[in-house]
Amino acid sequence: MQHPGRIALVAERPRRAGHLLILGLGLAGCGSGPMASASDAGSDTAASTSDATTPTSGDVTSTAPTGTSGTDGDATSTAPATTDQSTSDTGPAAEWQFVTLAEQTFMLNGGEVEVEFIRAERPDGGRSYLLYQHAPAARAPLVIQTQPYAGIDWTGEEVDERWAQMGNGGHPDVDAPDYNDKDMVAYTLQDPAEAVGSNNVWAFNGFAAIHAYGRFYAGGALADDVLDAVAPYAFARTRPDEIDLARIGAFGSSWGGMMALFGASQAPQDAAPRIVVPISAPSDFVELWTWSTDTFPEQSQNPAMVTGFYSPYWRRAKPTLGTPPGAGAEPYTHAGLCPGLPGTLVLPHDAWDAIIPVTQTQGLAAACANVQPLYWPRATPLDLETATMTHGPFASEGLLPSVLIYTYAALVVSLAPPEADNVYSLTSGPSLVLHLELVLAEQKAGKDVGWILPRLRELADPRLQTLVAETNQLQPSAEVLASAVNEVWSTAFDADGLRAQLEIGLPDPP
């Protein structure tokens, strides 16, 4: 429930390629989410104002749209051609309709990419919006990024035009349910070129990409945000010649992690995700209610900060769940969520997360067989008395935080087709060392740290080539990981030796 910061790296691809690889990532940083009113929360809730940086085209440039302008409504829109697959299915997914509002060409990684701006007309009568970036070849893997806070102005809807005209910054939360004359939310307009720029890793691997917009500023209820995250799956099944429906992945952070998690649980079966990475994600709203209205504010030195922070979220949850959550909340608990979760779920979570307690991920991992937690354990418990509204320090540790390294590796390794000789991601040796030192401390304390093994095996995959943050050079991921493991465990592994060790488990503590 907070706004991502951005890490951007520019590096040369191998010399034979002759052009630049620009890698941009989005991840929740250490700011707060929608800004609570000053009267409720005080200065500790000052928010980073966006889940994107100030729009800039950089190396990503665009041509004039080939269709209508993004704000021109339906003038030349056409619904996508249907297929036997999409029309023969029963259930809600068959009722979705999609309209291409505009098409645009951008420069990315030294070549052109085609982008469609999509309006999804949903079975419930609502609308969702997608930015769809085509892959260079047919039947490509797809990565979905759920973006709850990014402002868009190309929908043709009055609410988006009005917020864009108000400008970046904090504004009263007037479009959300039951406005209380106090809550503020942060707004930053996202340049489409920036969204395209953040798809570099996916584009470099030949994947398609979709940004699914939650438009938090525009109001809507919790169920509406979840349908925003279902929309890309329903859309993908209308493009079976373009998208490999067996190789879909999704990720998001905080409220975006919630969208990724619950959106996956409602995805149509014939376009269900293979892997989802919800970072610091709320997964049980009944337990979160107790945390946010009882446990945390009762222990905090600044209870108004806590209640003010959560207020915009609970106002959006009330139409769906009731507040406190009632009978309608069962699908939004661990017991209700597990049966619908497809594929593999990788859930990164910092033990010092004050916004979404780590018990949320621990509980989901205990309830669901296909959930793989990934922890940043800490030597001491979270001090709620002095805690501020952050997801913990993990997102700012190192030049390239380890949570990003694991997230991108999990997605590219899982989604790459078996015939791919190489897959590409990002890494940082010092950042891996920072996290592995936490793992070693847990191991020495006799704690179970088996949860780290699937992630390390991905990083040791012989196909995985990574851009190293410190050198801006491509290097086999297993070599970088072996160096980090050797530094932490005082071992002497090469890449092959480490792979063999990880099949057994972690090295013994030094």
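R139 is partly exposed, with a relative accessible area of 49%; by the convention used here, buried means under 20% relative accessible area, exposed over 50%, and partly exposed in between (1.4 Å probe, protein chains only). The structure is a predicted model, in which local features need pLDDT of at least 70 and side-chain atom pairs count only at pLDDT 80 or more, whereas totals for chains, interfaces and linings use all residues. Residues are numbered from 1 along each chain as its sequence is written, and side-chain values use heavy atoms, with hydrogens and water left out.

R139 is located in the loop between β5 (127–133) and β6 (140–147). Helices (H or I, at least four residues) and strands (E, at least two) are DSSP runs, numbered from the N terminus. Although R139 is not a glycine, its phi is positive, at about 50 degrees. A positive phi, near 65 degrees, also occurs at D181, a residue other than glycine. D181 belongs to the loop between β8 (169–172) and β9 (184–189) and counts as exposed, at 65% relative accessibility. Most residues other than glycine have a negative phi, and most peptide bonds are trans. A cis peptide bond, with omega about 0 degrees, joins T323 and P324. P324 is found in the loop between α9 (303–321) and α10 (334–337).

T155, in the loop between β7 (150–151) and α3 (158–166), is buried, with a relative accessible area of 2%. The side chains of T155 and D160 are joined by a polar contact of 2.6 Å. A polar contact is a pair of N or O atoms within 3.5 Å; within protein, one must be able to donate a hydrogen and the other to accept it, and residues adjacent in sequence count only if both atoms are side-chain atoms. The T155 side chain also reaches the backbone nitrogen of E157, at 3.0 Å.

Strands of a sheet pair through backbone hydrogen bonds, either parallel or antiparallel. An open sheet of 3 strands shows mixed pairing in the order β15-β16-β17, where two strands pair if DSSP finds at least two bridges between them. β15 (423–427) and β17 (473–476) stand at the edges with a single partner strand each, so one side of each is left without a neighbour in the sheet. Strand β16 (residues 464–468) runs antiparallel to β17 and is joined to it by 4 bridges; T466 stands opposite Q475 in β17.
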